Amino acid sequence: MSTAARFISFEGIDGAGKSSHIDAVADLLRQAELPLLLTREPGGTPLAEELRGLFLHRPMDALTEALLVFAARRDHLSTRIVPALAQGQTVLCDRFTDATFAYQGAGRGFDLAVLTQLETWVQNGLQPDLTLWFDVPPAVAAARRSAARAPDRLEQEDTEFFDRVRAGYLARAEADPSRFVRIDAQQTLEAVRADVLKVVTERVLARRGAPT
Ligand SMILES: Nc1ncnc2c1ncn2[C@@H]1O[C@H](COP(=O)(O)OP(=O)(O)OP(=O)(O)O)[C@@H](O)[C@H]1O
Ligand SMILES: Cc1cn([C@H]2C[C@H](O)[C@@H](COP(=O)(O)O)O2)c(=O)[nH]c1=O
């Protein structure tokens with residue numbers, strides 16, 4: 001049997017619903033007494049949270065976006081994620097590098113080879129063990145967002161942008177099918193939650209104690 005996933009990322013276009021389910025995953029894992037780090041990107045450290053504020057609200061080109069998210073990621077990895085994994089914690093991360101390939105790569109059209117190079121430099125081979133991709137049509141996500149909050153800089157992009165971002169996630173999922181699990185996020189909140197908790201039960205809790 002494979003080992004339990006310990007680095008888990010949550011991905012999807014803005015408004016897909018992923019943030020609504022991370023707390024439920026954390027509750028499930030805490031009940032099983034797993035030590036947890038709950039974090040997000042861009043962000044997760046004081047420096048990376050400052051970069052997040054700039055990223056979400058200041059105008060900038062695609063290369064600047066990519067450099068900022070990878071700078072934030074480097075600090076996040078070296079000061080929070082890598083130490084947490086080394087201490088045996090399970091890491092739940094709201095977005096990671098797949099977002100960069102989807103948003104800056106597919107959405108903005110930025111050079112994927114450059115992103116791959118940055119990914120290699122910054123992550124040195126480290127990837128999530130499991131990525132839950134909350135997949136939803138952009139029109140559904142836009143309706144959810146507009147009912148919930150004022151848009152930030154990325155959320156002001158049009159439906160075509162989010163169509164490309166969604167296609168970017170699909171490409172990443174197809175390139176790494178054992179890491180990705182697609183969640184049909186168009187369902188009700190309850191149905192999505194049931195799917196998410198089933199995957200986490202199978203890929204984390206049921207595999208605890210399996211030989212490495
Ligand atoms: N399955 C669902 N059905 C209906 N509404 C939903 C569903 N999932 C989430 N929502 C609602 O949609 C809104 C956006 O959800 P949420 O903030 O979890 O999305 P998100 O993917 O984390 O977005 P972002 O990445 O932009 O933060 C919230 O108001 C939430 O209650
Ligand atoms: C990590 C990462 C994120 N983004 C975008 C995606 C979202 O629009 C925002 C983050 O907001 P959220 O409410 O925390 O989901 O940032 C990006 O474009 N590139 C990235 O690498």
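Student: What does Ala16 touch, not counting residues up to four places away in sequence?
Tutor: Phe134, Val136, Ala141 and Ala185. Contact here is C-beta atoms, placed from the backbone, within 7 Å. This is a predicted model: local features need pLDDT of at least 70, side-chain atom pairs count only at pLDDT 80 or more, and totals for chains, interfaces and linings use all residues. Residues are numbered from 1 along each chain as its sequence is written, with chains lettered from A and ligands numbered from 1 in the order in which they are written.

Student: Where is Ala16 found?
Tutor: In the loop between S1 and H1. Helices (H or I, at least four residues) and strands (E, at least two) are DSSP runs, numbered from the N terminus.

Student: Is Ala16 buried or exposed?
Tutor: Buried, because 27 other C-beta atoms lie within 10 Å. The cut-offs: buried is 20 or more other C-beta atoms within 10 Å, exposed is 12 or fewer, partly exposed is in between, with C-beta atoms placed from the backbone.

Student: And Gly12, buried or exposed?
Tutor: Gly12 is buried, with 25 other C-beta atoms within 10 Å. Gly12 sits in strand S1 (residues 7-12). Leaving aside neighbours within four places in sequence, its contacts are Lys18, Trp133, Phe134, Asp135, Val136 and Ala185.

Student: Which residues does the UniProt "binding site" annotation cover?
Tutor: Gly12, Ile13, Asp14, Gly15, Ala16, Gly17, Lys18 and Ser19, in an unreviewed entry. Positions follow the numbering used here, feature names are shortened, and annotations may be inferred rather than shown by experiment.

Student: Now the ligand. How many residues surround ligand 1?
Tutor: 15, the closest being Asp14, Gly17, Ser19, Arg144 and Ala148. A residue counts if its C-beta atom, placed from the backbone, lies within 6 Å of the ligand. Helices H1 (19-31), H6 (138-148) and H8 (189-203) each give two or more residues to that shell.

Student: Switching to H1. Which residues of H1 are buried?
Tutor: His21, Val25 and Leu29. They cover an arc of only 80° around the axis, so they are on the same side of H1. That arc is taken from the directions from the helix axis to the C-beta atoms.

Student: Why would that spacing work?
Tutor: An α-helix has 3.6 residues a turn, so residues three or four places apart point the same way.

Student: What covers the buried residues of H1?
Tutor: The cover includes strand S2 (36-40), strand S3 (90-94) and H8. On the other side of H1, Asp23, Asp27 and Gln31 are exposed.

Definitions and conventions
Contact = placed C-beta atoms within 7 Å.
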